[in-house]
Amino acid sequence: MSTFLYLTRRVLQAAAVILIVTVATFCLLHALPGGPARGILGPQATAQQIAQFNHEQSLDQSLPVQYFAYLGRLLHGDLGTSYTLNEPVAQLIQERLPKTLVLTVLSAGVGLLLAIPLGMWQAVRRNKPVDYVITTLSFVAYSTPVYFLGLMLVLVFSHILPWFPAQAPQGDTLAQVFADPAGLVLPVAAGAASVVAVFSRYMRGATLENLSEDYVRTARAGGSRRGAILRRHVFRNSLTPVVAMLGYYVPVLFGGALVVEQLFNYPGMGLLFWTAAQSSDYPVLLGCVLVISVATVVGTLAADVVQRFIDPRVKEGRA
Amino acid sequence: MSAVVQSGQLPGGTGPSAGAEADGAGVSGLRLAVRRFSRNRLAVIGLAVVVLFFLFCFAGPLLYSTDQTHTALTSANLGPSGSHLLGTDAVGHDELGRLMYGGKVSLVVGLAAGVLATVIGTLWGAAAGYAGGWVDAVMMRVVDAGIAIPALFILLVISAIATPGVWGLILILGLVSWLVPSRLVRAETLTLKNRDYVHTLRAIGGSHTRAIGRHILPNSVSTVVVAATFQVADAILLVAYVSYLGLGLQPPKTDWGGMLSAGLSATYSGRWWLIVPPGLAVILVVCAFNAIGDGLRDAFDVRGRG
């Protein structure tokens with residue numbers, strides 16, 4: 001399949017996926033007890049008030065009509081209005097998303113910086129004690145609920161040893177967040193742990209695979225030293241596919257951010273979502289879900305495309 | 001990150017203790033798999049841990065009987081002692097007894113939800129892969145869409161709508177986590193459906209249902225079993241998240257995640273026994289199921305990820 005055809009197909013698939021997500025969020029919005037009217041007007045509203053509200057908001061029209069109207073609003077960036085905060089959802093997300101991105105990018109970055117050398121070390125020392133120890137630790141880190149890890153980090157590094165604050169940086173702007181780097185340490189550590197666990201495994205696997213390739217043997221036979229081969233060939237060939245896997249990891253990063261933000265009281269999109277769940281603020285909930293799923297679809301698409309281009313052997317591996 | 005938060009398992013490849021290749025010839029596939037599995041140290045330890053935890057949660061209360069229904073405020077927040085080995089919580093429940101009581105829920109919900117998710121995923125994946133064409137395309141885009149919404153977010157949306165009991169929890173968790181197994185089974189079905197025996201069955205008039213039920217599913221069984229094991233690990237973790245974030249069961253019912261949530265405020269007052277035991281229990285059991293899954297994957301020699 002030509003590259004152009006492949007790209008077109010993948011983009012269309014991604015668009016279809018996002019369309020399905022909008023159908024799902026639309027259905028959820030309408031499956032709510034009492035519908036949006038009850039949500040906005042509250043439990044005291046009379047049937048007449050609800051009927052009038054439904055008429056004003058075009059909620060008495062047929063579902064397909066409403067769905068296309070909803071889709072039209074989404075395309076114009078209108079995600080509805082928060083029940084509790086009385087602000088446009090799009091604006092709320094716009095304010096909080098950058099903070100969540102700071103958290104996730106830092107967690108992923110720190111996690112990768114640790115995972116890549118660890119994974120290579122494991123591969124080089126395959127089936128030696130180091131390999132076993134790191135594998136076991138990866139299993140433990142992977143199996144630990146993020147909030148429990150965060151709690152333990154707070155207990156040890158904030159409560160027993162007063163090194164870092166137990167609360168993430170507060171404030172509305174990114175400048176305020178960066179003004180308090182010590183406050184970011186524990187949240188980022190909690191978020192990075194699983195990245196280390198998962199990506200050290202990827203890196204271990206990729207390195208092992210590359211080490212068994214013919215070119216390594218050829219280079220060895222040609223007199224290159226092991227360290228030089230690792231640095232010059234194996235590292236480079238393993239790095240790109242492993243980093244590309246981050247694309248598939250986007251939903252996990254957001255899930256982690258949800259928990260970390262709640263635990264450390266970090267005012268990002270995760271905390272916005274969590275608060276909205278407590279107060280049944282459905283437009284905010286579904287708006288966040290939509291934004292996250294678009295991010296996930298884009299991440300997956302990017303990872304697929306990158307993998308295809310760096311390794312011509314990958315053809316439609318993931319259908 | 002965890003399933004939950006994490007979708008999918010720790011990437012596999014062969015673990016450090018992956019099965020030996022020098023198995024004797026003439027041994028049945030299953031016996032070979034058992035032999036390989038039993039040589040994987042991590043997997044065997046995992047199996048032992050799971051068995052121990054089941055004994056602890058289900059047989060433990062027979063030896064160490066406690067009242068987990070009524071509150072006993074006069075004996076609240078006691079430290080570990082001879083009469084309360086792990087102390088008591090904020091309403092006077094014995095913490096060790098609560099660990100057994102909550103563990104039952106965590107294990108049962110995790111197992112049931114993991115199995116349910118695998119069953120749904122298997123049927124969906126087999127149907128999609130077998131049908132092929134546009135039916136397959138649409139069904140798999142639905143899976144993609146499901147994966148695009150992290151389970152934790154969907155669960156919180158649901159928690160804003162309703163508060164489920166144990167059965168509701170199993171159903172909801174099963175319904176949000178069947179996506180990964182469906183991809184695995186679909187991939188398996190794509191290769192199986194073109195085997196000669198499937199074509200032969202169809203040629204002599206066998207129905208599609210029969211082809212799926214008699215050939216495709218039985219031949220995917222190792223993939224399904226491996227997927228189910230990881231699914232259970234993920235589900236136990238997911239239950240812990242869900243209870244922590246507030247979709248959990250109502251007291252006095254609880255599970256390990258609910259215990260962690262309830263003990264949250266005790267973190268700073270030094271009452272470690274409210275936080276550390278349930279946390280370690282979750283980690284140990286999830287680790288154990290993942291190790292078993294890893295061992296099974298190597299033993300059956302299947303690809304474990306989608």
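Residues 284-306 of chain A are 100% helix and 0% strand, with end C-alpha atoms 33 Å apart. Helices here are DSSP runs of H or I with at least four residues, strands are runs of E with at least two, and both are numbered from the N terminus. This is a predicted model, in which local features need pLDDT of at least 70 and side-chain atom pairs count only at pLDDT 80 or more, while totals for chains, interfaces and linings use all residues. Residues are numbered from 1 along each chain as its sequence is written, chains are lettered from A and ligands numbered from 1 in the order in which they are written, and side-chain values use heavy atoms, with hydrogens and water left out.

## Annotated spans of chain A

An unreviewed UniProt entry lists residues 12-32, 101-120, 132-161, 181-199, 239-264 and 284-306 of chain A as "transmembrane region". UniProt positions follow the numbering used here, feature names are shortened, and annotations may be inferred rather than shown by experiment. Within residues 132-161 of chain A, 90% of the chain is helix and 0% is strand, and the end C-alpha atoms are 30 Å apart. The annotation "domain: ABC transmembrane type-1", also from an unreviewed UniProt entry, covers residues 97-307 of chain A. That span is 82% helix and 0% strand, and its end C-alpha atoms lie 28 Å apart.

## Chain B as a whole

Chain B has twelve helices and zero strands. Of its 306 residues, 57% are buried. Buried means under 20% relative accessible area, exposed means over 50%, and partly exposed lies in between (1.4 Å probe, protein chains only). The accessible surface of chain B comes to about 12500 Å², and 66% of this belongs to carbon and sulfur atoms. Accessible areas come from the Shrake-Rupley method with a 1.4 Å probe, and for residues only the protein chains shown count as cover. Among contacts (heavy atoms within 4.5 Å) in chain B between residues at least 6 apart in sequence, 73% join residues at least 24 apart.

One loop residue of chain B can be described in detail. B:Thr254 sits in the loop between α10 (221-245) and α11 (256-263) of chain B. With a relative accessible area of 7%, B:Thr254 is buried. Leaving aside neighbours within four places in sequence, B:Thr254 is in contact with B:Arg98, B:Tyr101, B:Gly102, B:Val105, B:Leu249 and B:Met259.

## Salt bridges

Over all chains, the structure has seven salt bridges. A salt bridge is a side-chain nitrogen of Lys or Arg within 4 Å of a carboxyl oxygen of Asp or Glu. The table gives three of them.

| A:Asp304 | A:Arg10 | 2.6 Å |

A:Asp304 and A:Arg10 meet in a salt bridge. This pair links distant parts of the chain, with A:Asp304 in helix α14 (residues 282-310) of chain A and A:Arg10 in helix α1 (residues 3-31) of chain A, 294 residues apart. Both A:Asp304 and A:Arg10 are buried.

In chain B, B:Asp144 and B:Arg141 are three residues apart in helix α4 (residues 133-148), so about one helical turn separates them. Both B:Asp144 and B:Arg141 are buried. Salt bridges with shared partners join B:Arg141, B:Asp144 and B:Arg183 into one network.

## Aromatic rings

The structure holds 14 aromatic pairs over all chains. Rings of Phe, Tyr and Trp (its six-membered ring) pair if their centres lie within 6.5 Å; planes under 30 degrees apart count as stacked, over 60 as edge-to-face and the rest as tilted. A:Phe273 and B:Phe153 form an edge-to-face pair, because their ring centres are 4.7 Å apart and their planes are at 65°. The pair crosses between chains, from A:Phe273 in helix α13 (residues 269-278) of chain A to B:Phe153 in helix α5 (residues 151-161) of chain B. A:Phe273 and B:Phe153 are both buried.

B:Phe54 and B:Phe58 form a stacked pair, 5.7 Å centre to centre with 10° between the planes. They are four residues apart in helix α2 (residues 41-63) of chain B, so about one helical turn separates B:Phe54 from B:Phe58. B:Phe54 is partly exposed at 25% relative accessible area, and B:Phe58 is partly exposed at 38% relative accessibility.

In chain A, ring pairs link A:Phe26, A:Tyr67, A:Phe68 and A:Tyr70 into a cluster. B:Arg41 lies over the face of A:Tyr132, 5.9 Å from the ring centre. A charge sits over a ring if NZ of Lys or CZ of Arg is within 6 Å of the ring centre and within 35 degrees of the ring normal.
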